Amino acid sequence: MQKKSASTWTWFLIPSIIGVFLFMVPIKYEGDWIVPIAILANWLAGIVTPIIMWVAVAILVIAALGSVIMLFGPKKEPDKRGFWHNLFGVSLFWTVVRMIGAVFAIMTAFRLGPEAIWSENTGGLLLDPAEGLVTFLFTIFVFAGLLLPLLMNFGLLEFFGTMMVKIMRPLFKLPGRSSIDALASWVGDGTIGVLLTDKQYQEGHYTKKESAIIATTFSVVSITFSIVIIDTVGLAKYFLPFYGTVIVTGLALALIMPRIYPLSRKKQEYVDGRAFTGEEEKVPAGYNSFSHGLENALTKAHANRNIGKMFKDGLKNVLDMWVGVIPVVMAFGTVALILAEYTSFFQIIGKPFEPYLALLQIPEAAEAAPLMIVGFADMFLPSILAAGTVASEITLFTVAVISVVQLIYMSEVGGLILGSKIPVNFFELFVIFLLRTIIALPIVSLIAHMLF
């Protein structure tokens, strides 16, 4: 290993330590365990609450208008497209999605048109200034976009990537650096994991298959949200066995899902078309995993010593997230919530789960069956509905765990994935959601019967 200067070591250690602290170390704040990046987002949200909804609406309108203008404007070759052209130059389908997101936002902000679109349980739930997902994403994207380079640009992923490959590759069919994505999601928030994965995919560090596996397998909701869910169903005293069940089930799903359709069918090629060869992860002669990872990390840190460039790239990240992701969440999230709130769609498609739940001896199977599906719209819906319709503790526990390990819900993680460059479409997300539910239920019900 070549000797590196003290300044190179400093550029590796200090930003990486700060990044780990901000994104991955929960601290107790106002009675809750929460990662610092979320504290910063909440702090900013508190400051801009009076105007945040209108800022979000403005961004959605700009995203829609910019995409329409770019769609009908002069076309450029991919290698000649600048930042703004890439930001707004999307396909007809995504332009329409951005337009729908903008229309829903305007209708919600001004309470125009059918109440089903702007009610507090549909569009209003997403755009609420204090607790809405769209407005929360607006603030979290500011800090995530600006500060994600602390995790990505100074060698942390290179260091852990080389050392963890012997665990992540055979178990989960993933590169070692994905361990950071998984940990950032697990202790931080699933949205952060999706954003990190998307950036890594776009920069050529993950293949199509790897990015799809990480985003749909490890983008777990945070511990804080899990506490809220188990409290909602009235079983807060069972938090430890509840979260233990989430971990056991999540790991089982992480082992199974990459090996079955649709994730198993994804191509092992990078965003630029290069095929994965396996040579990328081999340790050269004369090195071990630790020394090779450390050399890669220090080389990366040495090449990224320009703080100004980091913040410039960070600002581009913020704009990319605002324009690319928020309209998708508003459009798909609102539609999914309307279906859940005003139609029997989820009750109908949830009916086949009734005999499955009965086979697993889950009490009140008829009441619980729709709750197995409604989580596709929003993670909180199963627990909220269960609290008012289900009495059995076994069933309440099962619903709470399933709502977390299903992982794909359109009002957040699902919408984020669709708005990213990660190659997973809507149909595949729904199939993954169903498979995760079907596979998880026997594990969760077994543990539930042992506890109650």
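Contact here means heavy atoms within 4.5 Å. The model is predicted, and local features need pLDDT of at least 70, side-chain atom pairs count only at pLDDT 80 or more, while totals for chains, interfaces and linings use all residues. Residues are numbered from 1 along each chain as its sequence is written, and side-chain values use heavy atoms, with hydrogens and water left out.

**Exercise 1. Describe how helix α1 packs against helix α15.**

Step 1. Locate the helices. Helices are DSSP runs (H or I, at least four residues) numbered from the N terminus. Helix α1 covers residues 6–24 and helix α15 covers residues 289–303.

Step 2. Take the geometry. The axes come within 8 Å and cross at roughly 95 degrees. Axes are lines fitted to C-alpha atoms, for helices over the stretch in contact, and angles between N-to-C directions run from 0 to 180 degrees.

Step 3. Classify the angle. Under 35 degrees counts as roughly parallel, over 145 as roughly antiparallel, 65 to 115 as roughly perpendicular and the rest as oblique. α1 and α15 are therefore roughly perpendicular.

Step 4. List the residues. Thr8, Trp9, Trp11 and Phe12 of α1 meet Leu294, Ala297, Leu298, Ala301 and His302 of α15. By class, this contact of α1 with α15 has 7 nonpolar, 2 polar and no charged residues. Ala, Val, Leu, Ile, Met, Phe, Trp, Tyr, Cys and Pro count as nonpolar, Asp, Glu, Lys and Arg as charged, and the others, Gly among them, as polar.

**Exercise 2. Do the like for α1 and helix α2.**

Step 1. Helix α2 spans residues 36–72; its axis and that of α1 are 5 Å apart, at an angle of about 65 degrees. That makes α1 roughly perpendicular to α2.

Step 2. From α1, Phe21, Leu22 and Phe23 meet Pro36, Ile37 and Leu40 of α2. The contact of α1 with α2 holds 6 nonpolar residues, no polar and no charged ones.

**Exercise 3. Which residues of helix α12 are buried?**

Step 1. Set the cut-offs: buried is under 20% relative accessible area, exposed is over 50%, and partly exposed is in between (1.4 Å probe, protein chains only).

Step 2. The buried residues are Lys209, Glu210, Ser211, Ala212, Ile213, Ile214, Ala215, Thr216 and Thr217.

Step 3. Helix α12 (residues 208–217) is largely enclosed by the rest of the structure, because 9 of its 10 residues are buried.

**Exercise 4. Characterise the interface between domain 1 and domain 2.**

Step 1. Domain 1 is 6–218 + 275–327 and domain 2 is 224–263 + 332–451. These bounds come from an automatic or database domain assignment.

Step 2. Taken over C-alpha atoms, the domain centres are separated by 25 Å. In contact are 41 residues of domain 1 and 37 residues of domain 2.

Step 3. The two domains bury about 3400 Å² between them, with 71% of it on carbon and sulfur atoms. Buried area is the accessible area (1.4 Å probe) that two parts lose on being put together, summed over both.

How values were computed: Helix = DSSP H or I, 4+ residues; strand = E, 2+ residues; numbered from the N terminus.
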